[in-house]
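Subject: The structure, and what turned up in it

Hi,

Here is the structure I said I would pass on. Please open it alongside this note, and my findings follow below.

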Amino acid sequence: MASPKVVIYVAYCVKDQFFVDHCNYADDLESYMSQAFVGVRLKQRWTTLPRSLLEDIGQEQDVLSFVEVADHDGPYQDLDGKILPVPGAHIHVDMFALSDQVEKLTQYIEPEGDASAVHPHTGSTLAIVYTLPHNDFASQWNSLIFDDFFHYRTLRYLLRRVITPTPESVRNFQSPPGQIVLLHGPPGTGKTSLCEALAQQLSIRLSSYYPRSKLVRVKATSFFSQFRSDSDNAVVRLFSSIEAMINQDQNRFIFVLMDEIEGLARSRKTSSANAEPGDALRATNALVAALDTLRQYPNVLLLSATNMLDAMDDAFLDRVSLYSVGLPEAPTRYEMLRAALGKLVNSGDVSLEHIAEEDGEEVMLLDDAPAEPPRFDTILPPYGALSLAAGKSGPAQTLLQHAKECEGLSGRKLASIPFDAACSCVEKDVCTLGETLEAMGVEIAGLRQPSSS
């Protein structure tokens, strides 16, 4: 029996929704890539297409935003920089346009008694609603860096086991409708960013099933301060509004992001023992009841995040799929520091001028040298390519040593280290890469010093 073809997923972003609704460019691009390409790399991107293809499909060049290799369904091990062979693979193209539409989901409360009376919470914002895929999250997925391709694996799990809306997938995986996902881990590990990026990617990958998607973004901890003594009713109104959105359009997928979910799903047992306000208990009761209602719908996914798993309510935890997001390992820390340095180089705040030692000789690389200018990926290669320079000193080895010394730091803190280091070069408009790496060492040494308090 022949093994199934590997599927390579390609994102095809056009500049206007009109072309998504009325033009079938995806099939033409699938056919072209299958015939014209020998191999592609994950995240490989094009902002122009060959004139011959454009003429065949009747598309102007200015219609295209970008084409990008988004994913594949093969193994992720050692995938960094690896070429995915196109012959023998199936190219699947998802065509979409990015939206700028954002709206507030506000509540209206019917007046009691005096019809002219206005409830103090009428008009209060329950959530922010984004039409997906949205411009605000356009670059978020590619900026994520996790150990062992965690974000790609989570996306694949959600597509295969949770919300891929086909009878075959339901039979094979017994996937429950209305899935609830909880990401938990230390602060600064990228949980909220991952939730937003997952919603964005899922809206693209599910577009052939659900051509429209919305993201309802809720900050759970704000409910008690915003809806004083009325947070349970606010929860009911929020989820009633979400249910109405689902019922209004069965071809629309609804993502609900509840950040800092512990604000609404705090342990009722602990709250009762500590004699906390009854409003908190009622809000958790309302949330659990609302989740049970949402579970009957196949076109909704609740993504939530918390730093306080131990404080969560048992009944809530019984209803969710748990994903632990830990602190990054050394290879991931290297990539995070490298990505932050890349942004500084691209912005012109750090120059690639440096002195590197190669085979005991000093080699000067200058941005304005007559020879080929230095490339960032050559000077600071991805972690997977470091073995090619094993045993050699230079910027990459210095950065790797910094990454090893940053054990226990979150991704958020790691991203700030190169920026803080570049800012320390106050005497210059631009830091060299060598100076920035040296200043990073000072920053990291300071972070490793035990607190005097």
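Ala-138 is partly exposed in this predicted model, with a relative accessible area of 36%. You will find Ala-138 in the loop between β8 (125-132) and α4 (140-143). Leaving aside residues up to four places away in sequence, Ala-138 touches Leu-98 and Gln-200. Leu-98 is 40 residues from Ala-138 in sequence, yet their C-alpha atoms are 7.7 Å apart in space.

Next, the aromatic rings. Searching the whole structure gives 14 aromatic pairs. One of them joins Trp-141 and Tyr-152 edge-to-face, with 5.2 Å from centre to centre and 80° between the planes. Trp-141 sits in helix α4 and Tyr-152 in helix α5 (residues 150-163), so this pair links distant parts of the chain, 11 residues apart. Buried or exposed, what are Trp-141 and Tyr-152? Both are buried. Another edge-to-face pair is formed by Tyr-210 and Phe-253, at 5.3 Å centre to centre and 70° between the planes. Because Tyr-210 is in the loop between α7 and β10 (212-219) while Phe-253 is in strand β11 (residues 252-259), the pair ties together parts that are 43 residues apart in sequence. Tyr-210 and Phe-253 are buried too. Ring pairs also build a cluster from Tyr-76, Trp-141, Phe-149 and Tyr-152.

Now the charged side chains. Side chains of opposite charge can pair when their charged atoms come close. The count here is 10 salt bridges. Among them is the one between Arg-205 and Asp-71, at 3.3 Å from N to O. Arg-205 belongs to helix α7 (residues 191-205) and Asp-71 to strand β4 (residues 64-72), so the bridge ties together parts that are 134 residues apart in sequence. Arg-205 counts as buried at 12% relative accessibility, and Asp-71 is buried at 2%. Arg-205 also lies over the face of Tyr-9, 3.8 Å from the ring centre.

How accessible is Arg-282? Arg-282 is partly exposed, with a relative accessible area of 39%, whereas Asp-232 counts as buried at 15%.

Glu-335 and Arg-338 meet in a salt bridge as well, at 3.5 Å from N to O. Both lie in helix α13 (residues 330-347), 3 residues apart, or about one turn of the helix. An α-helix has 3.6 residues a turn, so residues three or four places apart point the same way. Glu-335 is buried at 14% relative accessible area, and Arg-338 is buried at 11%. Asp-377 joins Glu-335 and Arg-338 in a network of salt bridges.

Last, helix α2 (residues 25-36). Its 12 residues reach 16 Å from the first C-alpha to the last, close to the 16 Å expected at 1.5 Å a residue. Which residues of α2 are buried? They are Tyr-25, Ala-26, Leu-29, Glu-30 and Met-33. Seen down the axis of α2, these buried residues fall within an arc of 135°, so they line one face of the helix.

Best wishes

Technical notes. Residues are numbered from 1 along each chain as its sequence is written. Side-chain values use heavy atoms; hydrogens and water are left out. A salt bridge is a side-chain nitrogen of Lys or Arg within 4 Å of a carboxyl oxygen of Asp or Glu. Helices (H or I, at least four residues) and strands (E, at least two) are DSSP runs, numbered from the N terminus. Buried means under 20% relative accessible area, exposed over 50%, partly exposed in between (1.4 Å probe, protein chains only). Contact means heavy atoms within 4.5 Å. The expected span of a helix is 1.5 Å times one less than its number of residues. The arc is that of the directions from the helix axis to the C-beta atoms. Rings of Phe, Tyr and Trp (its six-membered ring) pair if their centres lie within 6.5 Å; planes under 30 degrees apart count as stacked, over 60 as edge-to-face and the rest as tilted. A charge sits over a ring if NZ of Lys or CZ of Arg is within 6 Å of the ring centre and within 35 degrees of the ring normal.
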